[in-house]
Amino acid sequence: MNENEPRAMEAAETQPPSAPPALSPSAQKVQDALRALGFTHEVRESAQATRTAAEAARAVKCDVGQIAKSLVFKTGTTGRAVLVITSGANTVNEWRIGVLRRETLEKAPPAFVREHAGYAVGGIPPLGHAKPMETFIDEDLLRHETIWAAAGTPNALFRMPPADLVRMTGGRVIKVK
């Protein structure tokens, strides 16, 4: 027996149980934003892609309607960013939101989304953005007991009750379809 073996065995026995794997920097940024607002929701990352609502729903085994899609739009006249958080089962009626804003909405290009959200398309969370954005929340999300939202990467999500989404974003609940 080598003189180092007992020390190695002792060290292995005193090691704490393995911690969960560290989050990627973008997912950690979302986790930190949740904590800063007083929420205890846990960001989860997986090897499975969750870039679309259907992929996310399959990954967490829920209905696609329980996925909160965060979409950034650009206003037509002033060029402001507008965040719409909609149910994964719905398509945003840009005209309806444009009427509320008294300004047309258009799909934002990826560089604009990254500049305002601080995240790439496919992983935009509902909070922790680079710049403040006026936020609208799909009323259909409030019909569920729990919902899932992106957490900064195309494979990170976190679960919450819909009321927490409203509290963390300060968003206005509307009909978006």
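Helices, taken as runs of at least four residues, and strands, taken as runs of at least two, are DSSP assignments numbered from the N terminus. On that basis the chain of this predicted model comes to six helices and eight strands, and its elements run, from the N terminus on, in the order α-α-β-α-β-β-α-β-α-β-β-β-α-β. Of the 177 residues, 43% count as buried, and among contacts in the chain with a separation of 6 or more, 61% are accounted for by residues 24 or more positions apart.

A way into the interior is through its nonpolar side chains. In soluble globular proteins, nonpolar side chains tend to be buried together. The largest nonpolar core here has 29 residues, and those with the most contacts inside it are Val30, Leu34, Val43, Val72 and Phe158. At least two residues of this core are supplied by each of α2 (25-36), β2 (67-75), β3 (81-87), α5 (110-117), β6 (147-150), β7 (156-160) and α6 (162-169), with the largest share, four residues, coming from α2. Apart from this core lies another, of nine residues, among them Phe73, Val84, Ile97 and Val176.

At the start of α4, a side-chain oxygen of Asn93 comes to within 3.1 Å of the backbone nitrogen of Trp95, while the helix is followed by Arg102, whose phi is positive, near 60°.

In α6 the buried residues are Pro162, Asp164, Leu165, Met168 and Thr169, and because they cover an arc of only 150° around the axis, they too are placed on the same side of their helix. The elements against which the buried residues of α6 pack are α2, β3, β5, β6 and β7. After α6 comes Gly170, with a positive phi, near 65°.

Strand β2 holds Thr75, a residue whose relative accessible area is 1% and which is therefore buried, the cut-off being under 20%. The side chain of Thr75 is joined to that of Thr78 by a polar contact of 2.8 Å, and the Thr75 side chain also reaches the backbone nitrogen of Gly79 at 3.1 Å.

Of the 27 residues that line the pocket, the closest to its centre are Lys69, Ser70, Leu71, Val121 and Gly122. The elements that give two or more residues to the lining are α3 (53-60), β2, α5 and β6.

Definitions and conventions
Residues are numbered from 1 along each chain as its sequence is written. This is a predicted model: local features need pLDDT of at least 70, side-chain atom pairs count only at pLDDT 80 or more; totals for chains, interfaces and linings use all residues. Side-chain values use heavy atoms; hydrogens and water are left out. A nonpolar core is a set of buried Ala, Val, Leu, Ile, Met, Phe, Trp, Tyr and Cys residues joined through side-chain atoms within 4.5 Å. Buried means under 20% relative accessible area, exposed over 50%, partly exposed in between (1.4 Å probe, protein chains only). A polar contact is a pair of N or O atoms within 3.5 Å; within protein, one must be able to donate a hydrogen and the other to accept it, and residues adjacent in sequence count only if both atoms are side-chain atoms. The arc is that of the directions from the helix axis to the C-beta atoms. Contact means heavy atoms within 4.5 Å. On a 1 Å grid over the protein atoms alone, a cavity is a set of points where a 1.4 Å probe fits but cannot get out, and a pocket is an open set with protein on both sides within 12 Å along at least five of seven lines; lining residues have an atom within 4 Å of a point.
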